[in-house]
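Please keep the sequence and the structure in view while reading.

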Amino acid sequence: MTAPSGVVLTPIAFHVVMAGGGIPPGLEPQSPQPPYLLYPAVNDDGGAARAAASAANALIGATRTVLLKDLNRPRTTRELARRHCLAESTVAYHLGILHRSGLATRVREGRNVLYQQSRQGATLLVSAD
């Protein structure tokens with residue numbers, strides 16, 4: 001049997017980072033399929049989302065903007081680290097800055113510390129949109 005020629009281009013909506021690299025389960029090529037390339041699917045909204053994100057990014061930085069957006073409900077440092085493929089120490093550093101600047105609140109619940117957007121944090125994100 002002859003292997004097909006060419007490369008299959010596959011857009012993906014969600015970027016998955018596998019520990020140690022690799023391909024997410026279920027997306028492994030089956031032989032004799034041709035090689036393929038995964039690339040991020042892009043929503044072409046005329047750049048409005050990029051402009052809004054860049055306004056918040058310019059003020060507080062890209063990582064803090066992403067974390068602050070994800071604090072639309074209470075989350076722990078560990079949960080954020082897993083969701084964004086960051087070290088817990090990195091997330092803790094950025095959450096400390098967001099908390100000290102009044103953009104995030106924190107509440108101890110048992111052994112966990114939960115962070116969430118403050119009013120000012122939500123306002124910043126809305127005004128940047």
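Two strands count as paired if DSSP finds at least two bridges between them. The model discussed here is predicted.

Q: In which sense do strand S3 and strand S4 pair?
A: Strand S3 covers residues 104–109 and strand S4 covers residues 112–117. Pairing requires at least two bridges, and S3 and S4 are joined over six bridges. The sense of their pairing is antiparallel.

Q: Which residue takes a positive phi in the hairpin of S3 and S4?
A: The hairpin has two residues between the strands. A phi near 65° is found there, and the residue that takes it is Gly110.

Q: Which residue of S4 is the bridge partner of Arg106?
A: S3 spans residues 104–109 and pairs with S4, residues 112–117. Within S4, the bridge partner of Arg106 is Tyr115.

Q: How are H2 and H4 oriented to each other?
A: Helix H2 comprises residues 62–70 and helix H4 residues 88–100, and their axes come within 10 Å. The axes cross at roughly 80°. Angles of 65 to 115 degrees count as roughly perpendicular. H2 and H4 are therefore roughly perpendicular to each other.

Q: How do the residues of the contact of H2 with H4 divide into nonpolar, polar and charged?
A: H2 contributes Thr63, Arg64, Leu67 and Leu68 to the contact. H4 contributes Val91, Tyr93, His94, Ile97 and Leu98. The residues of this contact divide into six nonpolar, two polar and one charged.

Q: How far apart are the end C-alpha atoms of H4?
A: H4 has 13 residues, and at 1.5 Å a residue the helix should span 18 Å. The expected span is 1.5 Å times one less than the number of residues. The model agrees with this expectation, as the end C-alpha atoms of H4 are 18 Å apart.

Q: Is Leu80 buried or exposed?
A: Leu80 lies in helix H3. Leaving aside neighbours within four places in sequence, Leu80 is in contact with Leu67, Asp70, Leu71, Arg75, Val91 and Leu95. Its relative accessible area is 0%, and under 20% counts as buried. Leu80 is therefore buried.

Q: Which residues does Thr76 touch, not counting residues up to four places away in sequence?
A: Thr76 lies in the loop between H2 and helix H3. The relative accessible area of Thr76 is 16%, so this residue is buried. With residues up to four places away in sequence not counted, Thr76 touches Asn112, Val113 and Leu114.

Methods. Residues numbered from 1 in each chain as written. Predicted model: local features only at pLDDT ≥ 70, side-chain atom pairs only at ≥ 80, totals over all residues. Heavy atoms only, no water. Helix = DSSP H or I, 4+ residues; strand = E, 2+ residues; numbered from the N terminus. Axes fitted to C-alpha atoms, helices over the stretch in contact; angles between N-to-C directions. Parallel < 35°, antiparallel > 145°, perpendicular 65-115°, else oblique. Contact = heavy atoms within 4.5 Å. Nonpolar A, V, L, I, M, F, W, Y, C, P; charged D, E, K, R; others polar. Buried < 20%, exposed > 50% of the residue type's maximum accessible area, 1.4 Å probe, protein only.
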